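Colleague: Can you walk me through this one? I'd like to start with how the chains meet.

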Amino acid sequence: MTDSSAHVRVRDIRKTYGKFTALDGVSFDVARGETFALLGPNGAGKSTLIEILEGYRDRTGGDVSVLGVDPQHGGLEWKAKLGIVLQSTGESGNVTVHEQLTHFARFYPNPRDVDETIAAVGLTSKAKTRIKALSGGQRRRVDVALGVIGRPELLFLDEPTTGFDPEARHEFWELIRELKREGTTILLTTHYLDEAAQLGDRAGIISAGRLIEIGEINEIGGPAARVPIVRWRDSGGLHEERTSEPAHTVAALFARLGKEPDGLEVIRPSLESVYLGLVSAAAASATDLAKELA
Amino acid sequence: MNTIALGVTRATYETRVYFRQSDTIFFTFLFPIVMLSIFSVAFSATGNVGTNADGTGGISQAAFYLPGMIAAGILLSGVQNLAVDIAVERGDGTLKRLGGTPLPVLSYFIGKIGQVLLTSMLQIGLLLLIARFAFDVELPTDGDKWVTFAWVYLLGIFTSAVLGIALSRIPRTGKSATAVIIPIVLVLQFISGVYLAFSMLPEWLQNVASVFPLKWMAQGMRSVFLPDSFASQEQGGEWGLTGVAIVLVVWLVVGLIASRLTFRWIRKDS
């Protein structure tokens with residue numbers, strides 16, 4: 001290992017299915033204790049990438065190291081250090097929440113306390129309920145609990161909060177922050193950009209199998225993409241002005257109009273709008289490229 | 001925790017789940033018992049089987065069907081139960097999840113085979129109790145017969161279990177599992193002397209059935225539970241226990257190799 005602090009190290013990874021290229025030369029690192037959010041539209045290759053890192057799929061090319069091990073040759077000791085929350089689950093669930101966690105805890109050398117884990121995902125009142133009788137969001141919490149029961153060094157979360165109500169999502173964020181405090185390295189994929197912004201230290205954006213952007217969560221897209229927007233309305237319609245000095249612009253606007261501008265907003269682009277800008281730009285350049293080739 | 005201890009943990013977990021599934025309880029666990037009851041009652045008016053010309057001897061319909069039902073129970077508890085169960089677990093993501101944990105594959109197998117052994121011993125025990133007390137079937141008193149019973153049973157149940165694991169690869173989805181597996185098991189029961197007396201089948205069909213293990217399990221069980229006078233109706237005119245042992249061992253080895261070669265937590269890259 002060249003960099004012992006990296007828990008995940010991906011170099012020029014490629015994955016093809018016949019003629020279809022799912023991943024086309026992606027490289028990044030996830031440092032020990034870091035939370036890295038992997039973002040991108042459906043079908044961009046996020047799940048393919050995460051399943052290669054989890055050892056479920058083989059790659060076509062490139063180098064991968066997860067906790068110092070090539071996932072294609074990961075043994076049981078390696079698996080004992082991982083926590084995996086898969087994107088979809090549909091088990092028949094003829095066991096109770098408590099039974100399932102107690103059972104899975106026995107697979108690991110140093111598991112978390114079962115009751116504490118159930119409490120951490122907010123299912124204490126459902127501990128004796130069979131999993132099949134739970135709602136979708138509650139079952140997802142069981143998935144998360146099963147992912148963390150083994151006290152993983154590295155936790156994979158593939159769209160963990162799909163189907164959660166807002167309150168459950170906030171509780172889940174608290175749980176993840178607690179895991180971060182304990183030093184767990186986390187690799188997260190999500191469609192909720194606010195979730196990535198809340199939890200992530202860094203983010204990478206994947207589009208059509210390529211990593212189009214990577215960086216600190218509050219710097220992604222570069223400074224230009226984060227320049228605030230002042231927006232107001234007058235008889236001429238809606239106006240927008242991008243400025244790094246919004247207070248100055250608003251003051252000048254007030255002086256010019258001599259009254260309160262209608263519908264005044266100062267907008268700092270959220271991760272979501274930065275993300276949407278990047279993804280649509282990537283899609284547009286791909287279309288241009290296709291036209292040139294045709 | 002070592003592989004064996006985890007396997008035992010899996011077996012208790014699996015057995016608990018087994019008894020919570022009403023469909024497996026009926027179509028696997030209770031099925032031979034239900035069938036024995038139906039046959040015994042339906043054919044009771046036909047009188048005894050193998051009665052002498054002077055009206056003596058012969059055994060009741062329940063006694064005649066008991067060995068076949070025991071063999072069917074072994075096949076259902078092993079092949080049908082595991083082939084469907086594992087195919088469903090592959091389809092619903094259970095195996096994928098287990099594959100992401102440090103559970104050894106061998107512990108998973110020990111758990112499945114342990115579940116088969118526990119549930120099938122209960123099933124056969126119940127079948128014998130019902131035969132004895134509800135249908136008044138005389139059970140063997142000779143110790144040698146019970147020794148034969150023990151080895152035919154153990155060889156049969158392990159063979160069925162590993163064949164179930166191997167066959168679980170065939171259904172493409174969990175939903176199609178019962179539709180793929182049950183016809184195989186059902187046809188075998190009809191041609192192997194479970195529902196129809198083996199001696200009344202045409203010779204070519206008997207030869208086809210002789211390739212598969214169920215015919216030999218049923219024959220071994222007949223040697224335990226039927227009077228020796230019935231041996232003359234077997235192919236070759238004797239109980240043929242050497243043949244039973246050879247065919248079952250061959251299938252056991254085939255099943256072990258097939259399971260070992262084909263089992264994967266998930267279908268990679270599908």
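**The interface and a sheet**

Modeller: Between chain B and chain A, 10 residue pairs are in polar contact, both at pLDDT 80 or more. A polar contact is a pair of N or O atoms within 3.5 Å; within protein, one must be able to donate a hydrogen and the other to accept it, and residues adjacent in sequence count only if both atoms are side-chain atoms. This is a predicted model: local features need pLDDT of at least 70, side-chain atom pairs count only at pLDDT 80 or more, and totals for chains, interfaces and linings use all residues. Residues are numbered from 1 along each chain as its sequence is written, chains are lettered from A and ligands numbered from 1 in the order written, and side-chain values use heavy atoms, with hydrogens and water left out.

Colleague: How many salt bridges across the interface of chain B and chain A?

Modeller: The rule finds 4 (side-chain nitrogen of Lys or Arg within 4 Å of a carboxyl oxygen of Asp or Glu). One salt bridge joins Glu99(A) and Arg16(B), at 3.4 Å, N to O.

Colleague: What area is buried between chain B and chain A?

Modeller: About 2600 Å², with 53% from carbon and sulfur atoms. That is accessible area (1.4 Å probe) lost on putting the two parts together, summed over both.

Colleague: New topic. What is the strand order in the open sheet of chain A?

Modeller: E5-E6-E7-E3-E8-E9, 6 strands with mixed pairing. Strands are DSSP runs of E, at least two residues, numbered from the N terminus. They pair if DSSP finds at least two bridges between them.

Colleague: Which are the edge strands?

Modeller: E5 (82-85) and E9 (210-216) of chain A, each pairing on one side only.

Note on methods: Helix = DSSP H or I, 4+ residues; strand = E, 2+ residues; numbered from the N terminus.
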